[in-house]
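Dear colleague,

I am handing over the structure below, and after it I set out what was found. Please read the notes with the model open beside them.

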Amino acid sequence: MPDLAGKVVVVTGGGGVLCGAMSVALAQHGAAVAVLDLSAEAAQRVADRIRADGGRAIAVSGSVLSRESLVEAARQIHAELGPVDILINGAGGNKPDATASADQSFFDIPAEAIEWVFNLNCLGTILPCQVFVPDMVARQQGVVINMASMAGIRPLTRVVAYAAAKAAIANFTQWLAVHLAQQYSPHIRVNAIAPGFFLTAQNEFLLVDRNTRQPTARGQTILTHTPANRYGTPDDLLGTLLWLVSDAAAFVSGAIIPVDGGFSAFSGV
Ligand SMILES: NC(=O)c1ccc[n+]([C@@H]2O[C@H](COP(=O)([O-])OP(=O)(O)OC[C@H]3O[C@@H](n4cnc5c(N)ncnc54)[C@H](O)[C@@H]3O)[C@@H](O)[C@H]2O)c1
């Protein structure tokens, strides 16, 4: 397990379910964590939890969709914690409007909904890299971790915009890994984690029946196609996260690591 003492980490979407758990784990391993989230309260909750456990964290309210907001966040992070060593691009998600369903065919999905999902996942990963990676370039080392998805490896039904946007994240992860190594330093590594299915606010409407609280047909299909036969819990991501930010992964860059209970390996037969 890595010793992250002296490292400054920015976690976008750090107020959320998966990246909140990541923020806590990084702090437990000694990092100073900037929990950056659109929701100031969510960021504060996670930062408070880290501080209550004796760790070092600040809450930063900002949007990954605004370069101005990120530059302001960087100013605050530099002043309070110092230059950034590790960036976790966690902000992302989907929403019902951008999903094909019984109520809305693919042909009727509004352009704005597709744009919302593309922007949050793609632009919202690229802009933080533009703002925070220069700290790594200045020191010739650093780590970026993006959040891809099973949906970006082979598209999942219904979530058309999300699947395309996450495929773009996997592609951008490889692009940035090569670009930074060739142009700036081979000691700046860029990888992605591709989580399988974790029951969270962004997908609950697809996986759990609102009235009966039983798995939907889609939820049941996921479980039968996940050899581990369960949804992931946020803690399931932490071993991979801690490995990727550590020197044990010094020769790992441009990789998209599935953490999916075997979902991507299973043909269904
Ligand atoms: N839950 C899953 O099963 C699953 C599976 C694969 C990938 N992922 C990905 O993992 C990441 C985290 O997912 P989660 O389930 O923890 O989501 P979540 O909704 O719990 O957390 C996302 C956080 O991002 C914040 N956010 C939204 N817009 C923002 C913006 N413009 N600027 C800054 N912050 C913003 C939200 O306030 C929220 O706190 C996402 O990229 C998601 O797509 C999730």
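Predicted model: local features only at pLDDT ≥ 70, side-chain atom pairs only at ≥ 80, totals over all residues.

Proline 195 has valine 259 of β7 as its bridge partner, and the two strands concerned, β6 (residues 188-195) and β7, run parallel and are joined by 4 bridges.

Residues are numbered from 1 along each chain as its sequence is written.

The pair β6 and β7 belongs to an open sheet of 7 strands, ordered β3-β2-β1-β4-β5-β6-β7, with parallel pairing. At its edges stand β3 (56-61) and β7 (256-259), each with a single partner strand, so one side of each is left without a neighbour in the sheet. On average, neighbouring strands of this sheet are turned by 20 degrees against each other, direction ignored; axes are lines fitted to C-alpha atoms, for helices over the stretch in contact, and angles run from 0 to 180 degrees between N-to-C directions.

Within this sheet, strand β1 (residues 8-12) is largely enclosed by the rest of the structure, because 5 of its 5 residues are buried. A residue is called buried if 20 or more other C-beta atoms lie within 10 Å of its own, exposed if 12 or fewer do, and partly exposed in between, with C-beta atoms placed from the backbone. Side chains in a regular strand alternate between the two faces of the sheet. Both faces of β1 are covered, with Val8, Val10 and Thr12 buried on one side and Val9 and Val11 buried on the other. Strand β1 runs parallel to β2 (residues 32-37), to which 5 bridges join it, and valine 10 stands opposite alanine 34 in β2.

Helix α5 lies across β5 (142-147), β6 and β7, and runs at about 165 degrees to β6, whereas helix α8 (residues 238-245) lies across β4 (86-89), β5, β6 and β7, and runs at about 150 degrees to β5. Glutamine 174 is found in α5 (residues 160-183) and is partly exposed, with 16 other C-beta atoms within 10 Å.

As for the chain as a whole, its secondary structure comes to 8 helices and 7 strands. Its radius of gyration is 18 Å, close to the 18 Å that the globule rule gives for 269 residues, so the chain is as compact as a globular protein of that length; the radius is taken over C-alpha atoms, and the rule is 2.2 Å times the number of residues to the power 0.38. Of the 269 residues, 43% count as buried, and residues 24 or more positions apart account for 70% of the contacts with a separation of 6 or more.

Around the ligand there are 29 residues, of which Gly13, Gly16, Leu18, Gly92 and Thr200 come nearest; a residue is near a molecule if its C-beta atom, placed from the backbone, lies within 6 Å of it. The elements giving two or more residues to this shell are α1 (17-28) and α4 (111-139), and the largest share, 3 residues, comes from α1.

Finally, two backbone angles deserve a look. Most residues other than glycine have a negative phi. Glutamine 140, in the loop between α4 and β5, has a positive phi near 60 degrees and is exposed, with 11 other C-beta atoms within 10 Å. Arginine 158, in the loop between β5 and α5, has a positive phi of about 75 degrees and is partly exposed, with 16 other C-beta atoms within 10 Å.

With best regards

Definitions and conventions. Contact = placed C-beta atoms within 7 Å. Pairing = 2+ DSSP bridges.
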